[in-house]
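Biologist: Please take a close look at one part of this model and walk me through how it is put together. Keep it brisk, and spell out the cut-offs as you go.

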Amino acid sequence: MLKLVKDIRQRYRWGLSAIAILITISAALMQTLFYVQKGDAKVINIAGKQRMLSQKIALHGNALIYQDSERLKEQHRRLLQQAVEQFVSGHQFLLEQDNGEFIHLNSALEAHYFSPPNQLDAHVKRYISQAQQLLNSRTNSSNIDSSIFVSEQLEALLTKLDQAVKLLEQESVYKVTIISVLEVVFWLAAIVLLIIELIFIFKPMEKLIANTIQKYQQQKEYAERVNKNKERFIARTSHEFRTPLQGLTSSIEALDISDNQQLTKQQAIYCVNRLVAMLDELLDLQQLSSGDWQLKPHSSNLLTTLNQAIAPYKYACNDKNITLSVNMSEALDKDVVTDHARLQQVLSELINNAVKFTPKQGRIAVNAICKGHKQVILEVQDNGTGFEHPPAELLDFEHDSEQHFQGLKTGLLRVMHIVKALNGKIEFQNVQPHGVKVVIHLDLENAPKSEMPMQLPTNLHCLIVEDNPLNATILGRIISQFDFSYDIASNGLIATSMTAEKKYDVIFMDLNMPVMDGFKATDIIRNEQSLLTPILAVTANTSNEDLQRIYDLGADMHVYKPISVESVQKALGALFTEGKQG
């Protein structure tokens, strides 16, 4: 792109420079034309004035010769003197020279003034001489050749002066013609130059720009395809990981073990939760980069949310012999409207990093209090290595090679983004003698008190559409806890056949299945079979595009794998509560 800009700039400069030069030359020619016209007008005016002055000299000269009144003679003498002086001055102006060259006379005028047969210069000088003699002779004018002032002599002088004026006018017209021709030539040159610029500069430049834009468009499309493939890869990977994690989580929770093995069970749950957390971390990072990330606020108990985030780390702290101190204010036992899953991610990430950098036999304190009706203050403090330089900006962590927060190196990025999205504030403080204290300030809206607790319908008959037998078994086990009956379909084709023959109260639909996926099955149930049975999408596919697609096809709600009794209960409660309200 920089090369393109440089090339365009260079071509544009050349084109503008050439046009500027032609415009400058044209302007200079116009100024020259005005100057020549002004100078020639002055010369022609003086040459024409010489003819008038010669007639005045003849008039006053004859008056001096033939006038008897002395008073009138003196008046004519004075006027003759003025006319002669002006005539001499004009003649000298016309014959001015510069380094031996006449300024106002061309070759034709030189011949007219100095060469036979006209010899205007000599004729003018004789005329001036006779006039001056007449001026100098106050008593006797008999020695004056008065014939020079009569009609024939005077007519000859006037004819020569007229000829001089015509020659001067011809010279002026010739100069103007030359300059006009040059102006036309330069105008044509400008037109030709513009055509040349169009052909050799602007056309290639246009082609270059078009090729470059096409090239960058192709690169943009390639980058979009790569980004799309990356998004689908992450979503698919998440799906493939969450499916066995679903089975692992349910199997661990279903274990009936002795008290002395509870620690092992906690370890297993902790490991599963960390795997799920890392999947969530990757998905959040992908959504952050694509601009699709957003909060999903809902009402739930704040104290329960915080305790669920802390519980898995009891094993990790016990394994490193770290004292985990948890102090939760009783005022936290209330329902608030926020993104509880994101809030758990924030607290989990902070505790997880505290565990990483706190030495054995160290201490971690987690405190949470309410301040006023809305403000909640969370604190996570450890006595680990601390910060060498407390971070001032988000990106400082990503460029610091000695980070306090490690792992996938996206955790703190996500924590700070979530806190900012929740309109909160996060502070990092070094504590003495060593350790870190992270303080989060949040303003959380209290949930409106419901008039009656959420109740699920009874005697529901469900259809589980799931290709993975383990996932189907786990979901069936959860549904059984609500005393609901269910059937299982291993793909969308079987599910559509079953819905055509039997009535179901709710359908749990997986999206990615062989033979027929959940998208096609949902489309058939809604549009071909025209069934209004509530469809609950159960999937590990977190792609916003796919979720929007399944909703457009007619799904009513979705839950993410790995599912739990709580997530299914909330989804069903919301589904049938909205149905009653509608």
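Modeller: A charge sits over a ring if NZ of Lys or CZ of Arg is within 6 Å of the ring centre and within 35 degrees of the ring normal. The charged end of Arg-549 meets that rule over the ring of Phe-519, 4.1 Å from its centre.

Some ground rules come next. The model is predicted, so local features need pLDDT of at least 70 and side-chain atom pairs pLDDT 80 or more, while totals for chains, interfaces and linings use all residues. Residues are numbered from 1 along each chain as its sequence is written, and side-chain values use heavy atoms, with hydrogens and water left out.

Now the sheet. Helices (H or I, at least four residues) and strands (E, at least two) are DSSP runs, numbered from the N terminus. Two strands pair if DSSP finds at least two bridges between them. Five strands make an open sheet, ordered S12-S11-S13-S14-S15, with parallel pairing. Its edge strands are S12 (485-489) and S15 (557-560), each of which pairs on one side only. From one strand to the next, the twist averages 20°. Axes here are lines fitted to C-alpha atoms, for helices over the stretch in contact; angles run from 0 to 180 degrees between N-to-C directions.

Take the pairings in turn. S11 (residues 461-465) and S13 (residues 506-509) run parallel and are joined by four bridges. Val-465 has Met-509 of S13 as its bridge partner. S13 then pairs with S14 in the parallel sense over three bridges. Ile-507 has its bridge partner in S14, namely Ile-535. The chain gets from S13 to S14 through H14, and this β-α-β crossover is right-handed. Right-handed means that, with the strands pointing away from the viewer, the path from the first strand over the helix to the second runs clockwise.

Helix H14 (residues 518-528) lies across S13 and S14 (535-539), at about 155° to S13. Contact means heavy atoms within 4.5 Å.

S14 also pairs with S15, in the parallel sense and over four bridges. There, Val-538 has Val-559 of S15 as its bridge partner.

Is S14 buried or exposed? Five of its five residues are buried, so S14 is largely enclosed by the rest of the structure. Buried means under 20% relative accessible area, exposed over 50%, and partly exposed in between (1.4 Å probe, protein chains only). Ile-535, Ala-537 and Thr-539 point one way from S14. Leu-536 and Val-538 point the other way.

Next, the aromatics. Rings of Phe, Tyr and Trp (its six-membered ring) pair if their centres lie within 6.5 Å; planes under 30 degrees apart count as stacked, over 60 as edge-to-face and the rest as tilted. The structure holds four such pairs. One of them is Phe-482 with Phe-484, a tilted pair at 5.8 Å centre to centre and 45° between the planes. Both Phe-482 and Phe-484 are buried.

Last, the wider setting. The protein has 582 residues, 41% of them buried. It holds 16 helices and 15 strands. Of the contacts between residues at least 6 apart in sequence, 71% join residues at least 24 apart.
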